[in-house]
Amino acid sequence: MDQDTLRYGADTPLARRVVAMRSSAVRDLLRDAQRPGMLSLAGGLPAADQFDVEGIERAFAQAMREAPRQALQYGATDGQASLRESLAALMAQRGAAVEPADVVVTAGSQQALDLLARALVDPGDRVALERPSYLAALQAFALSGARFVTVPADADGACVERLVADNGPAPKFVYLVTNFANPTGATLSLERRRALIGWALRRRVVLVEDDPYGELRVEGVAHPPLVALARETPGAAHWCAYVSTLSKVMSPGLRIGFAVLPRWLRDAVVRVKQALDLHTGTLVQEVADRYLRSGRLAQRLPQLRATYGARRDALCDALGARFGDSLRFGRPEGGMFVWARFTDGTDASALLPAARDEDTIFVPGAAFYDDAPDPSALRLSYATLDPGQLAEAVERLARAHRRLRAGNPTAAAGLEAGAAAGH
Ligand SMILES: Cc1ncc(COP(=O)(O)O)c(C=O)c1O
């Protein structure tokens with residue numbers, strides 16, 4: 001892809017760390033996703049048809065009616081006090097008793113990841129990640145000069161045993177998506193959560209737990225977040241940072257994320273945030289707070305989970321029916337993503353252009369690896385298409401796969417040239 005490196009880097013005074021940045025394959029694919037007729041399995045976008053437009057509109061009107069001068073004014077760097085209270089209440093529902101003073105409101109959880117990296121990482125410091133990992137976290141950490149150490153992930157999340165067994169220099173922090181990870185859909189087991197906390201305390205390593213998808217559980221039982229489990233072990237909470245967002249359950253356009261941090265780290269992150277953007281937008285915070293206090297999020301979650309559950313089933317059933325043994329995948333208990341691997345030697349990056357010809361796209365797994373990518377892997381998102389569209393997208397993917405296997409990777413060269421000409 002021509003977006004892989006910045007094209008003008010060599011002729012400009014751009015900083016080396018910026019020239020070295022890879023453009024996100026996912027963001028590049030967003031352009032394709034907007035093409036008419038495209039059925040995209042690529043984006044990590046939440047379902048726009050599920051946005052509570054009416055409820056959010058009401059919260060906006062309320063904020064402007066009740067506190068216009070506060071909502072339009074500068075605000076505190078750590079966030080509006082009332083929203084921090086609401087987020088502490090949200091954390092209580094997730095099983096973690098935290099004080100509003102432990103919460104920092106950020107511009108999406110992406111900013112929380114950036115702030116944490118800036119607060120913790122000196123250039124060359126080691127950061128441990130599961131392999132594969134959320135791409136934009138890799139980008140944010142790399143900008144702070146992190147060097148990556150990776151451990152594989154399986155159906156129970158990151159193989160924590162590998163971290164525990166490694167007697168080399170300890171990383172500055174470990175970054176993990178603990179529920180329905182992006183991209184693998186895997187959830188970190190309770191046993192591994194406990195092992196991780198004991199290890200972090202022993203080795204003095206910060207645990208950065210990123211949890212945007214936990215509320216989107218469609219089956220099974222939730223495990224407590226690390227910040228909650230850490231309270232069982234004296235001293236362990238000192239090492240636990242929790243990051244989450246309203247993006248996946250309310251709206252990503254609002255850009256409201258948050259971090260729950262031990263006091264030493266909270267103070268450092270607030271100092272860094274002051275330098276970066278002073279504070280997150282006051283008006284959107286006032287809106288988010290009123291929305292959370294209205295109870296509509298809690299009321300709507302069952303419907304949201306049912307919608308995603310039906311979409312997950314439609315995608316997994318169609319993949320099973322169309323690909324049989326040639327594609328292996330797990331059925332995630334929630335979230336938005338299915339991670340799959342071809343067992344017939346298909347290279348997912350080679351399949352993408354053929355799929356694009358058929359008007360469907362996905363993200364080749366290679367995009368989620370810092371090194372040694374698995375060429376057979378792909379990430380499929382079921383969030384934005386309805387069950388009928390998901391079945392059709394899988395039909396298209398299966399056609400592209402058949403053509404690629406038959407040595408006719410482009411539609412023009414294959415038997416379906418006539419059909420493709422109309423696209
Ligand atoms: C694992 C993970 N973390 C963080 C984010 C960032 O979300 P936001 O900045 O919208 O809160 C995403 C978005 O896709 C994600 O998948």
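Predicted model: local features only at pLDDT ≥ 70, side-chain atom pairs only at ≥ 80, totals over all residues.
On one flank, strand E6 (residues 173-177) is joined to E7 by five bridges, and the two strands run parallel. Within this pairing, Leu176 stands opposite Glu209 of E7.

E7 belongs to an open sheet of eight strands, whose order is E2-E9-E8-E7-E6-E3-E4-E5 and whose pairing is mixed. Strand E2 (103-107) and strand E5 (157-158) form the edges, each pairing on one side only. Although E2 is an edge strand, five of its five residues are buried, and the strand is mostly covered. Val103, Val105 and Ala107 point one way from E2, while Val104 and Thr106 point the other way, and all are buried. E2 pairs with E9 in the antiparallel sense over five bridges, with Ala107 opposite Ile256 of E9. Strand E9 (residues 256-260) is in turn joined by four bridges to strand E8 (residues 240-245), again in an antiparallel arrangement. In that pairing, Ala259 of E9 is the bridge partner of Val243.

The protein is divided into domain 1 (9-51 + 300-421) and domain 2 (73-273). The centres of the two domains, taken over C-alpha atoms, are separated by 27 Å. Contact between them involves 28 residues of domain 1 and 31 residues of domain 2. On the side of domain 1 that touches domain 2, H13 and E11 each supply at least two residues. H13 gives the most to this side, with six residues. The class composition of this side of domain 1 is 15 nonpolar, seven polar and six charged residues.

Strand E11, one of the elements on the side of domain 1 that touches domain 2, is also part of a second sheet. This open sheet has four strands in the order E10-E11-E14-E13, with antiparallel pairing. Its edge strands are strand E10 (327-329) and strand E13 (363-364), each of which pairs on one side only. Three bridges join E10 to strand E11 (residues 337-342), and these strands run antiparallel. Arg328 stands opposite Arg341 of E11.

The ligand is surrounded by 13 residues, of which Gly108, Ser109, Gln110, Thr245 and Ser247 are the closest. Helix H6 (residues 108-120) gives the most to the shell, with three residues. By class, the shell comprises four nonpolar, eight polar and one charged residues.

Two further helices complete the description. In helix H7 (residues 135-143), the buried residues are Leu135, Ala137, Leu138, Ala140 and Phe141. This pattern can be read against helix geometry: an α-helix has 3.6 residues a turn, so residues three or four places apart point the same way. Just after H7, Gly145 takes a positive phi of about 90°. Helix H5 (residues 81-93) contains Ser86. Ser86 is buried, because 21 other C-beta atoms lie within 10 Å. Leaving aside neighbours within four places in sequence, Ser86 is in contact with Asp289, Leu292 and Arg293. The C-alpha atom of Ser86 is separated by 41 Å from that of Pro373, which lies 287 residues apart from Ser86 along the chain.

Note on methods
Residues numbered from 1 in each chain as written. Pairing = 2+ DSSP bridges. Buried ≥ 20, exposed ≤ 12 C-beta atoms within 10 Å, placed from the backbone. Near = placed C-beta within 6 Å. Nonpolar A, V, L, I, M, F, W, Y, C, P; charged D, E, K, R; others polar. Domains from an automatic or database assignment. Contact = placed C-beta atoms within 7 Å.
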